[in-house]
Amino acid sequence: KIFQAVVSCIGGDGTIYIIPKLFETALNELMVEIQNTFKGLGLLIPYCWKKGEACVVRGSDTLWYRAKIVEVSSSTLQVQYVDHGYIESIPQCHLYPTTFYTGIPPFCIPCQLYKTLPIGNFWQQDAVDYLQELLKNEEVEIHVKELPDNPWGKLSISLYFGGISLSSFMAYQKYCVAEDCQDIQKLGIFEGDLSPSYLLQPLPVPGETFPVTVTHLVSPKEVYICLDSSGNLTKHSATERAASCDSESLNKALKWCNKIVKTLPHLTNFKKELPCLAEYVDGLWYRAKLLSVTQLVPVQILVQFVDYGTYLVAPTSRLRHIPCHLLKYPVQAVRVLLAGFRPASNDKNVERIPYSPEWSLKALWTMVDCVEGKRLSASILTVSPEVTISLYGDDKNLVYLKLIEMGLAELDQ
């Protein structure tokens with residue numbers, strides 16, 4: 001059985017507590033009912049608590065949770081939140097004994113990694129801390145391998161985050177030995193000696209109008225676009241639906257890669273067009289490809305972020321090997337030329353685009369204003385030798401009309 005779940009916590013012994021996504025609605029409804037039933041403070045009179053006794057506990061967020069007593073001491077009680085797994089020491093005044101809701105099974109499931117042996121036969125504290133940092137409150141994919149011998153035992157699972165096996169990843173980190181550990185090449189930590197490349201984004205058929213966003217402008221005529229699944233022009237085509245699904249899955253995979261990026265090796269091969277991960281100015285890592293070496297001492301590399309079209313000159317410290325599973329998603333940004341206009345022959349603006357001097361900087365910034373943050377639509381005219389499109393603004397007019405009006409461009413007959 002395979003299902004999606006959220007990791008609620010990691011136990012001190014390495015137990016992974018998960019809440020299946022299918023349970024979330026029922027858990028939320030139960031939480032609302034508990035809040036309506038229990039209000040105010042906990043039990044303020046003396047009470048003889050017993051190990052294993054059911055109760056509700058008031059958490060640090062002031063909400064009431066189902067719990068059970070794990071250990072009794074003079075001033076505090078150790079309780080386990082039965083629907084989330086974590087254990088806390090709580091003053092007695094924050095608890096209330098109850099038999100309410102004891103007939104409802106816990107919503108979280110204790111799990112252990114299938115055929116995975118921690119170094120030293122138990123999970124070391126640094127490994128537990130790492131699992132907690134990596135997985136807590138994150139959505140993961142669960143593959144059930146073996147059921148427990150008793151109903152309260154641990155479920156044996158394989159856990160996948162962003163397409164990576166947790167057992168294989170922890171084995172790679174030297175925290176454990178995984179009996180069925182995937183080959184490190186298949187795991188995708190290393191790019192290896194292969195020459196991988198990105199998949200190209202499939203485009204809608206010529207003549208079909210589809211929603212887009214502009215992610216980067218090279219010049220008023222040369223831009224990068226992404227298919228926009230949030231548009232509401234017409235019923236989405238199969239191409240747009242596939243692009244939307246790829247984009248969502250890619251974003252999840254990149255989110256995980258940002259969490260483990262320090263474990264990925266730095267690039268040592270600087271072959272042109274080589275896929276890699278590159279750190280952008282916002283401190284996050286994105287898919288990129290190498291274009292050229294711009295400086296030798298120190299080494300500076302020109303890269304292009306393939307899902308946006310933007311460029312960056314980066315030191316080698318900001319470039320890392322890309323996990324192979326990130327190559328299965330098509331590039332999100334498509335380079336296109338806009339049809340219907342050309343630079344104005346009488347544009348007297350002195351400031352020009354250095355790499356495209358036929359255009360003035362004023363024309364470029366005007367086009368930026370026309371497309372930035374706008375709900376645009378496009379229609380493909382030709383796909384060879386260049387992808388050429390008509391681009392329409394949110395008012396359904398061609399975007400270049402503003403440039404024509406301002407004398408920054410002219411119609412291309």
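I started at V303, which stands opposite L312 in β19. Strands here are DSSP E runs of at least two residues, helices are H or I runs of at least four, and both are numbered from the N terminus. I count two strands as paired if DSSP finds at least two bridges between them.

The model is predicted, so I noted its limits: local features need pLDDT of at least 70, side-chain atom pairs count only at pLDDT 80 or more, and totals for chains, interfaces and linings use all residues. Residues are numbered from 1 along each chain as its sequence is written, and side-chain values use heavy atoms, with hydrogens and water left out.

**Strands β17, β18 and β19**

I followed β18 (residues 300-305) to both partners. With β19 (residues 311-315), β18 pairs in the antiparallel sense over five bridges. With β17, β18 is also antiparallel, over six bridges. A288 has F305 in β18 as its bridge partner.

Is β18 mostly covered or open? Five of its six residues are buried, so I logged the strand as mostly covered. My cut-offs are under 20% relative accessible area for buried, over 50% for exposed, and partly exposed in between, with a 1.4 Å probe and protein chains only.

I looked at D307 next. D307 forms a salt bridge with R287, and the closest N and O atoms are 2.7 Å apart. The pair links distant parts of the chain: D307 lies in the loop between β18 and β19, R287 in strand β17, 20 residues apart. Both D307 and R287 are buried. The criterion I used is a side-chain nitrogen of Lys or Arg within 4 Å of a carboxyl oxygen of Asp or Glu.

**Other salt bridges**

How many salt bridges does the whole structure hold? The search finds 14. I picked out K21 and E139, whose side chains meet at 3.6 Å, N to O. This pair also links distant parts of the chain: K21 is in the loop between β2 and α1, E139 in strand β10 (residues 139-146), 118 residues apart. K21 is partly exposed at 33% relative accessibility, and E139 is partly exposed at 31%. K21, E24 and E139 are linked in a network of salt bridges.

I also logged R352 with D347, where the closest N and O atoms are 3.9 Å apart. R352 is partly exposed at 25%, whereas D347 is buried at 12%.

**Nonpolar patch**

I found a nonpolar surface patch of about 470 Å², made by F270, V293, L296, V297 and V299. Patch residues have over 30% relative accessible area and no salt bridge; like charges are joined within 9 Å, nonpolar side chains (Val, Leu, Ile, Met, Phe, Trp, Tyr) within 5 Å. Areas come from the Shrake-Rupley method with a 1.4 Å probe, and for residues only the protein chains shown count as cover. V293 sits in strand β17 (residues 285-295) and is partly exposed at 42%.

**Strand β8 and its partners**

I moved to β8 (residues 109-113). Three bridges join it to β2 (residues 16-20), and the two run antiparallel. Y17 stands opposite P110 in β8. With β11 (residues 155-161), β8 pairs in the parallel sense over three bridges. There, C111 has L155 in β11 as its bridge partner.

**Two buried residues**

I90 is in strand β6 (residues 87-91). I90 is buried, with a relative accessible area of 7%. Not counting residues up to four places away in sequence, I90 touches V57, T76, L77, V79, Y81 and L95; contact means heavy atoms within 4.5 Å.

Q35 is in helix α1 (residues 24-37) and is buried at 18%. Leaving aside neighbours within four places in sequence, Q35 is in contact with L63 and W64.

**Cysteines**

How many disulfides does a search of the whole structure find? It finds zero, the cut-off being a pair of cysteine sulfur atoms within 2.5 Å. C48 is exposed at 57%, whereas C55 is buried at 2%.
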